[in-house]
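Hi everyone, thanks for making time for this. I'd like to walk you through a few spots in a structure, so let me put it up on the screen.

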2 protein chains.
Amino acid sequence: MPAAEIARRIALLQQRLQALDLNAALILQNADLYYFTGTIQDGVLLVPAEAPPLFFVRRSVSRAREEGRVAEIVPYRAYSEIPRLAEERGWRRLGRLGLELDVLPVSLFQRLQKAFPTAEMVDLSMEIRILRTRKSPWEVEAIRAAAVISERMVARLTAVAREGMTEVELAAEVEAEARRAGHQGQVRFRRFNQESFYGHLLAGPHGAVPAFLDSPTGGRGPYPAVGHGASFRPIRRGEPILFDLVGACHGYYADMTRTFVLGEPGPEVARAFTAVRTIWEAAGEALRSGLPAGGVFAAAVAAADETGYGEAFMRSGEGGRLGYVGHGVGLEIDELPFLARGFEMPLEEGMVVAVEPKLVLPEIGVIGLEDTFLIRPNGAEALTTVPRDLTVLTP
Amino acid sequence: MPAAEIARRIALLQQRLQALDLNAALILQNADLYYFTGTIQDGVLLVPAEAPPLFFVRRSVSRAREEGRVAEIVPYRAYSEIPRLAEERGWRRLGRLGLELDVLPVSLFQRLQKAFPTAEMVDLSMEIRILRTRKSPWEVEAIRAAAVISERMVARLTAVAREGMTEVELAAEVEAEARRAGHQGQVRFRRFNQESFYGHLLAGPHGAVPAFLDSPTGGRGPYPAVGHGASFRPIRRGEPILFDLVGACHGYYADMTRTFVLGEPGPEVARAFTAVRTIWEAAGEALRSGLPAGGVFAAAVAAADETGYGEAFMRSGEGGRLGYVGHGVGLEIDELPFLARGFEMPLEEGMVVAVEPKLVLPEIGVIGLEDTFLIRPNGAEALTTVPRDLTVLTP
């Protein structure tokens, strides 16, 4: 991670701290630590509003020094030492602190309150999430590198998919290809209890099985203790194979969905794919700097209704329709902005969002098309570039 | 999951609620939800101290009904509806509620406080974690099934490891084998910010690189945004290959470490392996029902000192020694009890713990041996059964 990236991010955070009349931010969560330091260590990043940051590190101090792009690394053992260690380095103002209250567990937060007994602690999470929405050119390159891994995954699926393979067998091949390329495997979510492991590879009606995830697809998973994703069900000829796997590089993701069929697709699959492509195009037209993120959802819904697939569009397993058609993508897969009903945040140049129209046909499966886009001055550029066809494979 | 499992667990939890003078528990976290319902859905499990549980489910209600072993599933949209929905079902006492404060994020907890404005909310997490330490025969069978996956992973490593492969290439092969067998991939931790993806496959000095994880091994990972685990470094002849990967089945884990070498091990590797096996045996002797969990650590330290490897034993990358040699294993990989310095909790029949002595030799690598044990009336049974040799592979 270039030091200039970190310096710019810290400066932007400090502007926000000053505007909010906060003395400092305390940052602990892995994705945020990486964003503001260039490394993930067991520690606490203290960013004063008007002084250089201090990175308090328990483990590993040596790696924090080697990989981190924050000049001052301060070893510590317990949170209670941090105020004194900070004061020794000239940082005394403890009145109002901003923290990641959306992700910090209550017990950990209570320990921090004890360590900073006189401080007022306020939620800084929305500020951090908004700050992270606009990607730098360096971040966009990381997402492009992740998209190259998505391409390799698709090439592997195309080469090995055969009738009668189970979903987990096919997933194993595709995931191994990603792993050889350095994919990190685990996909980070910000929201509590959300879990993912590369993403979803689901075939036929199984793709339409709902799960606890806040996602248009679920799947049975290997057993209820996992509860989503690929299962032991064999893949059959003619049914849609939904590839909704996440490419990853340098912690950044590329979210992409493609639909495959072994042998000739049934007429319903081909018709639905034509519709989903139309919806994808309509949504893409709404990806314009200055327009509200929720407008992408509205455009997609209108197009879905026009194609006659309004009922199937983003259909929830519970009946009714999910209220979004996409989300921001970066160091977490559920970043802002949400391309969701009524979401007013305007799209801005530099934001990266995944647009994922999906048609859920309970007897047939899920037919989807998803790309990760960079918002540019005059529209949006797809960072995922695998051909957007319904791909017919030899069974 | 058999319904009788769930009924027994709920009854034990209710005993604790009564003893603590709590009116009910509110359970939200994935691993705990699975433990107490048999399914993972987006919802809130309410367990009154003296009435049958109610499982409030947002998504997926149909899967909660199908997989869940709690009789009453109540659909809801917002936390604020729960008190009224519960009251309609005869549950009125809202005075004192127990919650998982070790894992619930602050913002989510604040939303629950708003939904139950008159309730006193106390931390129930330690009670839940203690309750989960003693495994039923059904749980032990799940861990044995996970251990079979560990065996398949070792067989695959033995078949494909070659000089010059990168760590991620070898990991890809071994992980794919586990995946085909239905491994869930992601390994759940209870502690904040801990992450793992199958576990660690590390070779040579790279194994001794420390990371943020609370683990004796770290590794570089593919890049700093991951910060631990397998890297792009090629595996060399004669260096120790540390297999510390986790088998998984039905959400339960089997934690096992074996050490391999391509070609003849250097004399230092062979000597260290003999020592680690001696330490493993000494630790195993201390695995007795009624003895304190911390005694296993003390026994391992004494044996390590005796073999002359005291300094290398559980050596932290920061200098000094980690204060543990093992941990409980179940639906999370960092369960109680900790086999840690001064940890007084007595071992009990039915507990399942991983014992993982590791010798960290910075120039050479990590030499380790780890098994998952079930505490029985007269000692402990290893649930992981792959031969405990330093395995020499054809390079």
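Predicted model: local features only at pLDDT ≥ 70, side-chain atom pairs only at ≥ 80, totals over all residues.

With 17 residues at 1.5 Å a residue, H1(B) should span 24 Å, and the C-alpha atoms at its ends are 25 Å apart, which agrees. Just after the helix comes Asp21(B), with a positive phi of about 60 degrees.

Let me zoom in on one residue here. Glu5(B) belongs to H1, residues 3-19 of chain B. Is Glu5(B) buried or exposed? Its relative accessible area is 8%, and because that is under the 20% cut-off, Glu5(B) counts as buried. The side chain of Glu5(B) makes a polar contact of 2.8 Å with the side chain of Arg9(B). Leaving aside neighbours within four places in sequence, Glu5(B) is in contact with Ser136(B), Trp138(B) and Glu139(B).

For a contrast, please look at Thr118(B), in the loop between helix H5 (106-115) and strand E6 (120-123) of chain B. Thr118(B) has a relative accessible area of 66%, so it is exposed. Once neighbours within four places in sequence are set aside, its contacts are Leu94(B) and Gly95(B). If you go 37 residues along the chain from Thr118(B), you get to Ala155(B), and the C-alpha atoms of the two are separated by 57 Å.

Over to chain A, and to its sheets. As a reminder, strands of a sheet pair through backbone hydrogen bonds, either parallel or antiparallel. Chain A has an open sheet of six strands, in the order E4-E3-E2-E1-E5-E6, and the pairing is mixed. Which strands stand at the edges? They are E4 (72-75) and E6 (120-123) of chain A; each has a single partner strand, so one side of each has no neighbour in the sheet. From one strand to the next, the twist averages 25 degrees.

Within that sheet, E2 (residues 42-48) and E3 (residues 54-59) of chain A are antiparallel, paired over five bridges. You can find Val44(A) opposite Phe56(A) in E3(A). Packed on the sheet is helix H2 (residues 30-37) of chain A, which touches E1 (24-27), E2 and E3 of that chain; the helix direction makes about 55 degrees with that of E2(A).

My last stop is strand E16(A), residues 371-376. Five of its six residues are buried, so the strand is largely enclosed by the rest of the structure. E16(A) pairs with strand E13 (residues 352-355) of chain A, antiparallel, over four bridges. In that pairing, Asp371(A) of E16(A) is the bridge partner of Val355(A). E16(A) also runs antiparallel to strand E17 (residues 379-382) of chain A, with four bridges joining them. Here Leu374(A) stands opposite Glu381(A) in E17(A). And E16(A) and E17(A) form a hairpin, with two residues between the strands.

Key: Residues numbered from 1 in each chain as written. Chains lettered and ligands numbered in written order. Heavy atoms only, no water. Buried < 20%, exposed > 50% of the residue type's maximum accessible area, 1.4 Å probe, protein only. Polar contact = N/O pair within 3.5 Å; in protein donor to acceptor, adjacent residues only side chain to side chain. Contact = heavy atoms within 4.5 Å. Pairing = 2+ DSSP bridges. Axes fitted to C-alpha atoms, helices over the stretch in contact; angles between N-to-C directions. Expected span 1.5 Å × (residues − 1).
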